[in-house]
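Dear colleague,

I am handing over the structure we spoke about, and below it you will find my notes on what was found. Please read them with the structure open beside you.

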Amino acid sequence: MNILSSSHTNRLARGIAISFLSFIAVLGIAMPASADSVGEEYEAAILGNVRIDGEPIQGVRIVVDGNGYNAETVTDEKGRWLIGVPQTGTYNVTLDESTLPEGIAVLEGGATQEVEFGRTDRVTKNFFIGEGTRNATSLFDQIVARLVYGINFGLMLGLAAVGLSLVYGTTGLSNFAHGEMVTIGAVLALIFGVVLQLPLWIAIPIAVGLSAGFGWLMDAGLWRPVRKMGLGIVQLMIVSIGLSLALRYIIQFFIGGGTEQLPGFDEPRVTLFGATALSSTDLISMALSIVVIGGFAYWLLKTKTGKATRAISDNPDLAAASGIDVDKVIRVVWIMAAGMAGLAGVLWAYFRPGIKWDMGTQILLLIFAAVVLGGLGTAFGALVGALVVGILIETSSLLIPADLKYVGALVVLILVLLVRPQGLLGKKQRIG
Amino acid sequence: MDWGSILNNTLQGLLTPTTLAFSLAALGLAMHFGFAGLLNFGIAGFMAIGGYGYAIAVLTFGLPWWAGMLFGIVGSIIFALILGIPTLRLRGDYLAIVTIASAEIIRLLFLTTAFTDVTGSADGLFGFNTRTDGSGFQNANPLPAGSYGAGPFTYNEQTLWVLIFGIIMLVVGVVLLWALMRSPWGRVIKGIREDEDAIRALGKNVFAYKMQALVIGGVYGAMGGIVYATFANVSPGVFVTSLTFFIWTSLLLGGAATILGPVIGSILFWTLQAFLTNVLSEVAISGILPVSTTQASTLRFVLVGVGLMLLVIYRPQGIFGDKRELTFVK
């Protein structure tokens, strides 16, 4: 009905359509034999039959979703249903398994299936149902699974976040180029693992080592000279934005705009317990993160350089006056931060999965969210913040659309700043 | 190398709808950062709300073009208020992170498929400037169809109408900002930038002044987005964080704490971009450098990044700025 799109006749046509629909509804009560349907005003429609061994099932809920349109209906006593849609295209059709009789389930393809229109305005979608166990997982299992995925993501994020936070603590720089340090780790793994065909257990350490070397290079070539010039922290921040842009496009210059994969990215996921399914890559990734973060914590708490780092974070002038070589410590911090960011990049390449020139930029704000949540400048705060952000992102997709899950994390970031600007583990003096 | 066409295309970059739109946004950023000292890295979010607000008001609510633009501006005022209440008491670098996050929230909300009927999701919105019922921006175009101007400055009636509208908005914006900044209000704002506590000691409500600055700059940003929307489709791919960084580069190029600096900075930035696009693609095609044309167009963004770094390190006050009125005081 193209008449619907014309604005002058719109209201009239809709009025007619509504009265037509109510007429149908009245007929529906009077003559229950007609197929249960919605969206009759549209020319295109998806329809089907729900039957088991030739016997129709009444009252099964069917939902159609797609192209910004959503409608649902229930089957009539002949098992028939019809849902009109405003335009042809691809839609998701869901059969609500909880409305099927006990012991009956969708056997093939899952309860939600994709339907695509061909040349005609009608498309039929029938579900293969029969006796079987439903693929419905309990909410508890789903939450547990999301928690595990969230911890996996959070640990990866934590690797990047502690480095960013340490750099901030020792130099006052909010480093916007940290995302590119993540990308560089993944790109180096790509160069050694895929282009040069080295085995992964050699390629990844080389990638992390070279990332750390890049940290040294950045401090020696840019940040130390700039510190000596006495630039303010806002200037430093904008310099890092310039560096971020330059590095990002240099990476794009070399690897192009496409997505590359590391070997083993498509390891099958194995169900461990409940609804939790992880691949061997996921497990190795989590173990690696925990070991590296543990080693980092030991370094920060027990070694001389680690203690010096914390002293500089607390009070750089006092630390310098106590005989700590501030520049040397900052150099070490840059090397460690870049190395961990590089490792996070390799893990992020498996988590996404894929290596892309702007992959670091995609999580830069999440890294910042983790650091700010934990308290800028605190290493362990950043780790806690990263786990909170990771878990929040994964569990929130149970409630909100998956493409909005990062929004949830960023909104929480702003809300936390509202009630506790210094972050979870930060000190009050840090706010302005 | 065809220097004639390179020169021609570069001159075209001097006056384009894009330049005008980004000049307006840069003026808003000058208000935020240059004068009030607020590190707003979410100017792309304000532009998105302006552009989308205008497009949605016209397409979904059926408002005429001028009401749609007002709708976008009101949207940006509301956004500024919501953003400002939790964030304005934060120190500079925190504010930068929060504003960049807010702009990204706005962009993701326009990108999600949850609101496709209103926002168009990844495809964005189009067809709101010319309406069948005559209420669109181009329907109000008084110019008869034809070709206007000469040489590199040749425009059809639609582009010229956009340019006229954009120039009027820009002139009004510049005059308004100039008047604001020489008023007592403007002196308080600059005082807050230099020393917030001193202004507080004078009995001024610093928070209220900062909020007013955030709202006014935000309206400029929204106007930038609206002018952009009068000639192009709005889509989430436009209002990315890189856009914010480009506007910052334009602003710092001209001078953050000046009135005309942001405008001239934007013109320079986009003219330079036009120049580099043409030169680099010529270099790639003629084989002077062994790069593909895609790689060549990537190079100009590398140069933007390097340029931004050098600018901030060696001339933070910009071309027209006064060294005494440094904006990086904190």
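Predicted model: local features only at pLDDT ≥ 70, side-chain atom pairs only at ≥ 80, totals over all residues.

Ala160(A) belongs to helix 2 of chain A, which covers residues 139-171, and it counts as buried because it has 32 C-beta neighbours inside 10 Å, where 20 or more are required.

Chain A as a whole

Chain A has 12 helices and 14 strands, and of its 432 residues 43% count as buried. When contacts in chain A between residues at least 6 apart in sequence are considered, 71% of them join residues at least 24 apart. The domain assignment divides chain A into domain 1, residues 32-131, and domain 2, residues 140-430, and the centres of these two domains, taken over C-alpha atoms, are separated by 46 Å.

The UniProt record, an unreviewed entry, lists as "transmembrane region" several stretches of chain A, among them residues 147-169, 230-251 and 399-419. In the model, residues 230-251 of chain A are 86% helix and 0% strand, with 30 Å between the end C-alpha atoms, while residues 399-419 of chain A are 71% helix and 0% strand, with the end C-alpha atoms 24 Å apart.

The nonpolar cores

Which residues touch the most other members of the largest nonpolar core? In this core of 207 residues they are Leu157(A), Ala161(A), Ala189(A), Ile367(A), Ala369(A), Ala370(A) and Val389(A). Helix 9 of chain A, residues 326-351, provides the largest share of the core, with 18 residues. Ala189(A), leaving aside its neighbours within four places in sequence, is in contact with Ala203(A), Ile204(A), Ala207(A), Leu262(A), Val346(A) and Ala349(A). There is also a second, separate core of 18 residues, which includes Val38(A), Ala45(A), Ile46(A) and Trp81(A).

Where the two chains meet

Turning to the contact between the chains, 42 residues of chain B are in contact with 40 residues of chain A. On the side of chain B that touches chain A, at least two residues each are supplied by helix 4 (65-87), helix 5 (92-111), helix 6 (116-119), helix 11 (241-254) and helix 13 (293-314) of chain B. The largest share of that side, 14 residues, comes from helix 5 of chain B. By class, the residues on the side of chain B that touches chain A are 27 nonpolar, 9 polar and 6 charged.

Helix 5 of chain B also packs against helix 3 of chain B, residues 43-59, at an angle of about 35° and with the axes 8 Å apart. Helix 3 of chain B contributes Ala44(B), Gly45(B), Ala48(B), Ile49(B) and Tyr52(B) to this contact, and helix 5 of chain B contributes Ser102(B), Ala103(B), Ile106(B), Arg107(B) and Phe110(B). The residues in this contact comprise 7 nonpolar, 2 polar and 1 charged.

For chain B too, the unreviewed UniProt entry lists stretches as "transmembrane region", including residues 94-115 and 237-260. Residues 94-115 of chain B are 82% helix and 0% strand in the model, and their end C-alpha atoms are 30 Å apart, whereas residues 237-260 of chain B are 58% helix and 0% strand, with 29 Å between the end C-alpha atoms.

Backbone details to look at

A cis peptide bond, with omega about -10°, joins Arg352(A) and Pro353(A), and Pro353(A) lies in the loop between helix 9 and helix 10 of chain A. Gln197(A), which is not a glycine, has a positive phi, near 60°, and lies in the loop between helix 3 and helix 4 of chain A. Ser121(B), likewise not a glycine, has a positive phi of about 50° and lies in the loop between helix 6 and strand 1 of chain B.

With best wishes

Notes
Residues numbered from 1 in each chain as written. Chains lettered and ligands numbered in written order. Contact = placed C-beta atoms within 7 Å. Helix = DSSP H or I, 4+ residues; strand = E, 2+ residues; numbered from the N terminus. Nonpolar A, V, L, I, M, F, W, Y, C, P; charged D, E, K, R; others polar. Core = buried A, V, L, I, M, F, W, Y, C linked by C-beta atoms within 7 Å. Buried ≥ 20, exposed ≤ 12 C-beta atoms within 10 Å, placed from the backbone. Domains from an automatic or database assignment. Axes fitted to C-alpha atoms, helices over the stretch in contact; angles between N-to-C directions. UniProt positions renumbered as here; feature names shortened; annotations may be inferred.
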